[in-house]
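Here is a friendly briefing to read with the structure open beside you.

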Amino acid sequence: MTHSAPVSARRDLADAPLLVAARGGRPARTPVWFMRQAGRSLPEYRQVREGVPMLQACLTPELVREITAQPVRRHGVDAAILFSDIVLPLYAAGVGLDIVAGTGPVVADPVRTAADVERLPSLDPEQVAPVAEAVRLLLDELDRTPLIGFAGAPFTLASYLVEGGPSRNHERTKALMHSEPRTWHALLEKLADTTLTFLRAQLAAGVDAIQLFDSWAGALSLRDYQEFVLPHSRRIFAGVAEVADVPKIHFGVGTGELLGSMRQAGADVVGVDWRIPLDTAVRRLEGAMPDAPPPVVQGNLDPALLFAGWDAIEAEVRRIVAEGRAAGGHIVNLGHGVLPTTDPEVLTRVVELVHSLEG
Ligand code: CP3
C-alpha cells in the first residue's frame, strides 16, 4: 500500500480549529462536532437512506459523501465524520453480519473458539475501496472542514463477534478473555490488523484525523483493560503514527477509570462521556502521564440533556466549556452519540453557542 502525505499538508487546514485544538494549540474558536451527527436526527438523512440497507449505504461512495456532508451544511460543525460503521470492515472482509435497525450489529456465527478465530477472514484494502473513494469525494466537497476517519477498537469489535450482537454485560466476552487468554489475544490481534488496514485505507485517501471507538471498554476493570485490551489498541495507534501525522482521538463510554490508560495507548485526544466532569478527567489524564504535554479532551455533554430545554442546555454547555479550560485543548462534543429523536435545531444552536464563547 502507498501512503500519501497527511491531507492537512495538501489542503490548507493549518488553522482549522479542530486540528489546532487536537494538537494542544489555541484555536481561533472552540471547535465542536457531534458523534453520530450524521444519522436519523436529520430528515435529509432519512430521505436519502430510504430503502438502502445501512452497510450497503456505507459502501456507496456518492451516498457516503452526501450523508457525511449533511451535518456540516446544516449545523456548521468544525468537523465531518465519515459516514460508516465500526463493523463495516468486518462485513467487507466477509464476516456474516448485518446491522438491524433499533438493535445494532448482529453476527450470524459468533466467534467463541480458537478454530472460530482461525477462520476469521482478514481485510484486504481493496475490499474497502468504496470507502477510500468516498473520502476522496469528500475532500473536494468539504473545502476547509477537517474530515475525521474512524474505526472500532478491537475490544468493542470482539464484543459484537463473541456475543453475536449487542450485549449489556459482555459475559461471553469476559469469559473468553479469562478462560482462554491465548484465544482472546489471537482474536484481538486479528481485529487490530483489520482495524489498522481500515484506518490506513482512510488515511491514504486523505482523512485529516482519526477516532478509534472503544465504545464498550468501560465495561472492563482497569486491570483487565490493561492486560487484555491496551496492548492491541496501542499497536493500532503506533501503526497509524507510522504512516500519518494526524491527530488520533480515542473514545469509550463509561471510561472514567480508564482515561489514563486510553491516553497511554497512544491517543492525542481522549473522549470523555458525561459521567465525570471534564476538569476531573483532565486531572486523571495528567496523573497518568505527568511528563506528557497537557492533555487534550473531547466531550462531554450528555446527549439526553438535549431534550431538557434551552436554558438547561445553555447552562450545561457554558459549564463544559469553562471546565475544558483546564485542559491543554478542548473539542466540544457529546459524551456519546446523538440520539435519533434529537431536535436538529437544538444541535445547530449548540454549535452557535460554543462558537460565541471564549475557549
Ligand atoms: O458519527 C457519525 O455521524 C458517523 C457515523 C457512525 C455510525 N456508526 C453510523 C450509524 C459512527 C461513528 C458509528 C460507529 C459505531 N457503530 C459505534 C461506535 C460509536 C458509538 O455509538 O459508541 C458502534 C458501537 C456502532 C455499532 C452500531 N451501528 C450501533 C449500536 C448502531 C445503532 C443501531 C440502531 O438502529 O439503533 C449501528 C447502526 C448505525 N450506525 C446507524 C448509523 C447512522 C443507524 C442505522 C440507520 O440509520 O439505519
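Predicted model: local features only at pLDDT ≥ 70, side-chain atom pairs only at ≥ 80, totals over all residues.

Residues 148-164 are 59% helix and 29% strand, with end C-alpha atoms 28 Å apart.

**Confidence in the model**
- The protein has a mean pLDDT of 96, and 97% of its residues reach 70 or more.
- For residues 1-7, pLDDT stays under 50, and the model has 19 contacts beyond four places in sequence for this stretch.
- The scores for the model are ipTM 0.93 and pTM 0.96.

**Around the ligand**
- The ligand has 22 residues around it, and A38, G39, G104, F213 and S215 come nearest.
- Sorted by class, this shell holds 11 nonpolar, seven polar and four charged residues.

**Binding-site positions from the record**
- UniProt, again in an unreviewed entry, lists R36, Q37, A38, G39, R40, D85, Y160, S215 and H336 under the feature "binding site".
- These positions span 301 residues in sequence and their farthest two C-alpha atoms are 22.8 Å apart, so they do not all gather at one spot.

- R36 sits in the loop between α2 (17-22) and α3 (43-49). R36 is partly exposed, because 17 other C-beta atoms lie within 10 Å.
- D85 belongs to the loop between β1 (80-81) and α6 (88-93). D85 counts as buried because it has 20 C-beta neighbours inside 10 Å, and 20 or more is the cut-off for that label.
- Setting aside residues up to four places away in sequence, D85 touches M54, L55, C58 and I99.
- Y160 is part of helix α9 (residues 154-163). Y160 counts as buried too, because it has 25 C-beta neighbours inside 10 Å.
- Beyond its neighbours within four places in sequence, Y160 makes contact with V87, P105, V107 and G165.

- Which residues of helix α10 (residues 171-179) are buried? They are T173, L176 and M177.
- Looking down the axis of α10, you will find these buried residues within an arc of 100 degrees, so they line one face of the helix.
- What do the buried residues of α10 pack against? Their partners are α9, α11 (181-205) and α12 (222-243).

**Backbone details worth a look**
- H170 is in the loop between α9 and α10. Although H170 is not a glycine, its phi is positive, at about 55 degrees.
- H170 counts as buried because it has 20 C-beta neighbours inside 10 Å.
- From G299 to N300 the peptide bond is cis, and its omega is near -10 degrees. N300 is in strand β8 (residues 296-301).

Note on methods:
Residues numbered from 1 in each chain as written. Near = placed C-beta within 6 Å. Nonpolar A, V, L, I, M, F, W, Y, C, P; charged D, E, K, R; others polar. Helix = DSSP H or I, 4+ residues; strand = E, 2+ residues; numbered from the N terminus. UniProt positions renumbered as here; feature names shortened; annotations may be inferred. Buried ≥ 20, exposed ≤ 12 C-beta atoms within 10 Å, placed from the backbone. Contact = placed C-beta atoms within 7 Å. Arc of directions from axis to C-beta. pLDDT = per-residue confidence, 0-100.
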